[in-house]
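Here are a few friendly notes to read alongside the model. Please keep the structure open as you go through the points.

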Amino acid sequence: MGSVLVAYVNVDKCIGCGKCTGSCVNNAIQVFQGKAVVIDFNCLGCFYCVAAAACPKQAIETKPRFSYFSEEEKLRVQASFLIKQINIIKGKLKKI
Ligand code: SF4
Ligand code: SF4
């Protein structure tokens, strides 16, 4: 079975500038605790972020989907999701 490539951020190169986040067509890149992370299952594998040269450090690379998550990356993905959910709830509460 062939693997599908998706984007991922090389944390050793990433300086957390956030320039990449707006380049993603599916809101799959977020910055958390000073490093960008690609939400693996949101990534379409279109590589627009790479083609647009969004990263000044060339930190956005490719990997097979779900191939490998370090413990740090797992935590950052989970935390960024929680923060996103909290912000959505905050936004809804403001409208009440
Ligand atoms: S490959 Fe496409 S969907 Fe994935 S992070 Fe880059 S722009 Fe977003
Ligand atoms: S543009 Fe590059 S260096 Fe800046 S946050 Fe994104 S991946 Fe990191």
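1. Strand β1 (residues 5-9) is mostly covered, with 4 of its 5 residues buried. Buried means that 20 or more other C-beta atoms, placed from the backbone, lie within 10 Å of the residue's own; strands are DSSP runs (E, at least two residues) and helices are runs of H or I (at least four), numbered from the N terminus.

2. This is a predicted model, in which local features need pLDDT of at least 70 and side-chain atom pairs count only at pLDDT 80 or more, while totals for chains, interfaces and linings use all residues. Residues are numbered from 1 along each chain as its sequence is written, and chains are lettered from A and ligands numbered from 1 in the order in which they are written.

3. β1 runs antiparallel to strand β4 (residues 60-64), joined by 5 bridges; strands pair if DSSP finds at least two bridges between them. Val6 sits opposite Lys63 of β4.

4. The largest nonpolar core has 16 residues; among those touching the most other members are Ala7, Val9, Cys20 and Ile60. Such a core is a set of buried Ala, Val, Leu, Ile, Met, Phe, Trp, Tyr and Cys residues joined through C-beta atoms within 7 Å. β1 gives the most to this core, with 4 residues.

5. Which residues come nearest to ligand 1? They are Cys24, Cys43, Leu44, Cys46 and Cys49, out of 15 around it (C-beta atom, placed from the backbone, within 6 Å). β1 and α1 (48-51) each supply at least two residues of this shell.

6. Ligand 2 is surrounded by 15 residues, and Cys14, Cys17, Cys20, Ala36 and Cys55 are the closest.

Notes:
A residue is buried if 20 or more other C-beta atoms lie within 10 Å of its own, exposed if 12 or fewer, and partly exposed in between; C-beta atoms are placed from the backbone.
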